[in-house]
Structures are given as C-alpha cells and as structure tokens.
Amino acid sequence: MLVDTRCGRLYVDERGSGPPLVFWHSLLCDSGMWAAQVAAFEDRFRVVTIDGPGHGRSAPTTRAYTLDDSVGAALDVLDKLAIASCRWVGLSWGGMIGMRMALRAPERIEKLGLLDTNADAETREKLPSYRVMAFIARRFGAVPLLLDRIEPLFFSPATRRERPEIVEQFRERLAGMDRASLGHAVDAVMFGRTDIRSQIHRITVPTLVVCGEDDLATPLARSIDIQSRIKGSKLVRIPNAGHLSAW
C-alpha cells in the first residue's frame, strides 16, 4: 500500500502478525533487499518493510528533503499503521533513520538493529568522488559507468564472484530509478547528513550493530565507533560481506 508522508507517498508492505518489526533499506536499494529477513521473521512478527522516498514502489520525489525529514516520514508510516513502538532494523540510510528516531522519539523504538551504517557526517576524503557520481546520476541516470563505480562499494569481492545474480538485480533496479529522486536522496543522505556521534550515548534501547567486514561504503571502524558509544550494544561482524550485508 502507499502511505502519504512528509516525503511523499511511500510504499509499505506488511506480512505476518505479532510484535512490529520494521525494516528500512539502504540508499539506492529498495525493500526487496530484505526478502530473506521477511521470510525468516513473518511467522513470529508483524513485519513491515518501507520503500524510501523515490525508491522501489514509492512515488518519485519532486522536491528536496533532509535526513530528518526521512525520520518524520518513518514516523508518519508508524502512525498510519497504528504502531506505537517497534523493533526497528535499518541498513545504512535505514540505520541513520533508526538512530535519529531513537533520539527524537525514543518511545517509538523498543529495540534497534543498525546494519552497515554510521553516525557521523560523510568524510571530506570521499566527498569529491561522491559529488562526481552524483553529477553523473543527475545528468545521465544510473548509467553503466556509474554502476561500475558503485558496485564494489556495495558488494564484497566474494559476493561479486559467487552471487552475481544479486549484483545484477541491484544494478537493474538502480538503472530504472528516477533521476530526480536519486539526486534528492543522495543530497539528503550523503551531503546533508550531520554528525550525531556526540548524541547517540542517549540511546538506551537494546541495540545490535552489524557490519560486513568488507564494507567499503561504511567501513567497520564506523560500526565499532557506534557500538562503543551506545551502552550495552553488541557488535556482530559478517565475514565476506560488503555494504549490503543483509543481502
């Protein structure tokens, strides 16, 4: 179903029954990346997956928004579904939203899963190359030149070698993404992101931090840093996995 939010109409899927378990995907992906997790949990939980603004089956985005607006949109979805509180699982973009939601509306989060994400602003070293990729995306869309640069950032060498069908699925979905939506999302998540490391010690819910050991987009050090700042949290490393570790 489509849900009206402050970031436009977002596609939301519900499966199963029980305690609410909500998933938000990485930038440049969609809720399809959670297929294995949905199948594993829908017999015990009310599993909710959300396609971010302009991603997957959500409506294209026609105006700029911020990462904090994404948090507001997530809360709009919870309100629409009458979910007072949930277990929130987010990868990269979804993890950034989860941390900010836990700070902004702590009563809405019971437990927190943070996969391959970070709490700081994007590093100065990476910004120039990311700006080049953003320019290509806005001008030409997700052309092969851009996909070839993104692929090693998102997938480990093992995945690219042993599970090429996953990589191809990612490339096909990204190639079909609306150019304007892609630009707005990149601006919000990569260029407009602020550093919240000094705040996340206020997160008190049980938190699991997960990272692929071969993640180049958000290296393991960032997950270690998050885990060190959230009291009682646990860190799990996934061997041979890249940025999209859930996939």
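**Entry 1: Asp79 and Arg108**

I began with Asp79, which is partly exposed at 48% relative accessibility. The model is a predicted one, and I noted that before going on. I then looked for the partner of Asp79. Its side chain forms a salt bridge with Arg108, and the closest N and O atoms are 2.9 Å apart. I placed both ends in the fold. Asp79 sits in helix α2, residues 67-80. Arg108 sits in the loop between α3 (93-104) and β6 (109-115). The two are 29 residues apart in sequence, so the pair ties together separate parts of the chain. I also checked the cover on Arg108. Its relative accessible area is 13%, so Arg108 counts as buried, the cut-off being under 20%.

**Entry 2: Asp43 and Arg44**

Next I looked up Asp43 and Arg44. Their side chains meet in a salt bridge, at 3.8 Å from N to O. I recorded the accessibility of each. Asp43 is exposed, with a relative accessible area of 60%. Arg44 is partly exposed, at 48%.

**Entry 3: Glu151 and Arg160**

I moved on to Arg160 and Glu151. A salt bridge joins their side chains, with 2.9 Å from N to O. Arg160 is partly exposed at 36% relative accessibility. Glu151 is buried, with a relative accessible area of 12%. I followed the shared partners from there.

**Entry 4: Charges overall**

How many salt bridges does the count give? I get 15. The chain carries 33 positive and 30 negative ones. The centres of these two sets lie 3 Å apart.

**Entry 5: The whole chain**

I turned to the overall fold. The chain has 9 helices and 8 strands. I took the box along the principal axes. The C-alpha atoms fill roughly 45 × 35 × 35 Å.

**Entry 6: Burial, contacts and surface**

Buried residues make up 56% of the 247. For contacts, I kept residues at least 6 apart in sequence. Of these contacts, 77% join residues at least 24 apart. Last, I noted the surface. The accessible surface comes to about 10800 Å². Carbon and sulfur atoms account for 53% of that area.

Methods:
Residues are numbered from 1 along each chain as its sequence is written. This is a predicted model: local features need pLDDT of at least 70, side-chain atom pairs count only at pLDDT 80 or more; totals for chains, interfaces and linings use all residues. Side-chain values use heavy atoms; hydrogens and water are left out. Helices (H or I, at least four residues) and strands (E, at least two) are DSSP runs, numbered from the N terminus. Buried means under 20% relative accessible area, exposed over 50%, partly exposed in between (1.4 Å probe, protein chains only). Contact means heavy atoms within 4.5 Å. Accessible areas come from the Shrake-Rupley method with a 1.4 Å probe; for residues, only the protein chains shown count as cover. Lys and Arg count as positive and Asp and Glu as negative; His and the chain ends are not counted. The place of a charge is taken as NZ of Lys, CZ of Arg, CG of Asp or CD of Glu. A salt bridge is a side-chain nitrogen of Lys or Arg within 4 Å of a carboxyl oxygen of Asp or Glu.
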